[in-house]
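I opened this model to look up how its inside is packed. My entries follow in the order I made them.

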Amino acid sequence: QMLSKLPDMLNAEIVLGTIQNLRDAVTWLGYTYLYIRMLRQPTLYGISHDHLKTDPMLETYRADLIHTAALHLDRSGLVKYDRKSGNFQVTEVGRIASHYYCTHDTISTYNQLLKPMLSEIELFRVFSLSGEFRNITVREEEKLELQKLMERVPIPIKESIEEPSAKVNVLLQAYISQLKLEGFALMSDMVYVTQSAARLMRAIFEIVLYRGWAQLADKTLSLCKMVDR
């Protein structure tokens, strides 16, 4: 579990200032339960016995893990990583991601899709493609109700109802428009979407504000207020 979340945890520590370079990060990883597990059961983590003989404290292995995580953060624009010196420099987007608990995958999506002149339709689409909703699926029994909701929501949705992002989009708009839902499964999904909506919308707003896109910042702030109320 921790390995998959390592880039986001590393970013949080860099933003806090507890980690400033690769050396600090390797030491920090040595204080985690993951490190104890790797020493106790190395084969579970793909560490061979030969590797353990040459690197008994797993310093090289930890450095490799941190290097990979730092590269992910660097590509997503959360951290500036100097490969030669091993130093990390926090970015404003990295601070926003840490503050609003956004994953580096989500920030990558926002970096790719956010443009200065986005319409409301596209803004809802960007939100619905957030990495936090990757586990949401469209169930067969929900399709009819989702189709009806799709026709009633105020902002048109381009995607087909088969797409999970369309479902997220419909549920957020249904919540804002106070439309009633019938299915219990849909209600539980709506709770999940709306719980994440406030922080994700705020994160999008902060990113747009940081980039100085006034028109989009105005639209995003309006959406933040709608979600909060």
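I set my terms before looking at the core. A nonpolar core is a set of buried Ala, Val, Leu, Ile, Met, Phe, Trp, Tyr and Cys residues joined through side-chain atoms within 4.5 Å. Buried means under 20% relative accessible area, exposed over 50%, and partly exposed in between, with a 1.4 Å probe and protein chains only.

I noted the source next. The model is predicted: local features need pLDDT of at least 70, side-chain atom pairs count only at pLDDT 80 or more, and totals for chains, interfaces and linings use all residues. Residues are numbered from 1 along each chain as its sequence is written, and side-chain values use heavy atoms, with hydrogens and water left out.

**Core.** Which residues touch the most other members of the largest nonpolar core? I found L10, F88, L114, F127 and I204, in a core of 75 residues. Helix α11 (residues 184–211) gives the most to this core, eleven residues. I took helices (H or I, at least four residues) and strands (E, at least two) as DSSP runs, numbered from the N terminus. Domain 1 (3–90) and domain 2 (105–228) each supply at least three residues to the core; these bounds come from an automatic or database domain assignment. In soluble globular proteins, nonpolar side chains tend to be buried together.

**L10.** I listed its contacts (heavy atoms within 4.5 Å). Neighbours within four places in sequence aside, L10 meets I19, A25, W28, I66, A69, A70 and L73.

**Rings.** I searched the whole structure and got three aromatic pairs. Rings of Phe, Tyr and Trp (its six-membered ring) pair if their centres lie within 6.5 Å; planes under 30 degrees apart are stacked, over 60 edge-to-face, the rest tilted. Y81 and F88 make a tilted pair, 5.3 Å centre to centre with 45 degrees between the planes. Y81 counts as buried because its relative accessibility is 7%. F88 is buried too, at 9%. Ring pairs also join F127, F133 and Y192 into a cluster.

**Charge over a ring.** I count one if NZ of Lys or CZ of Arg is within 6 Å of the ring centre and within 35 degrees of the ring normal. The charged end of R62 sits over the ring of Y35, 4.4 Å from its centre.

**Whole chain.** I counted twelve helices and two strands. The order from the N terminus is α-α-α-α-α-β-β-α-α-α-α-α-α-α. The C-alpha trace spans about 65 × 40 × 25 Å along its principal axes. Of the 229 residues, 46% are buried.
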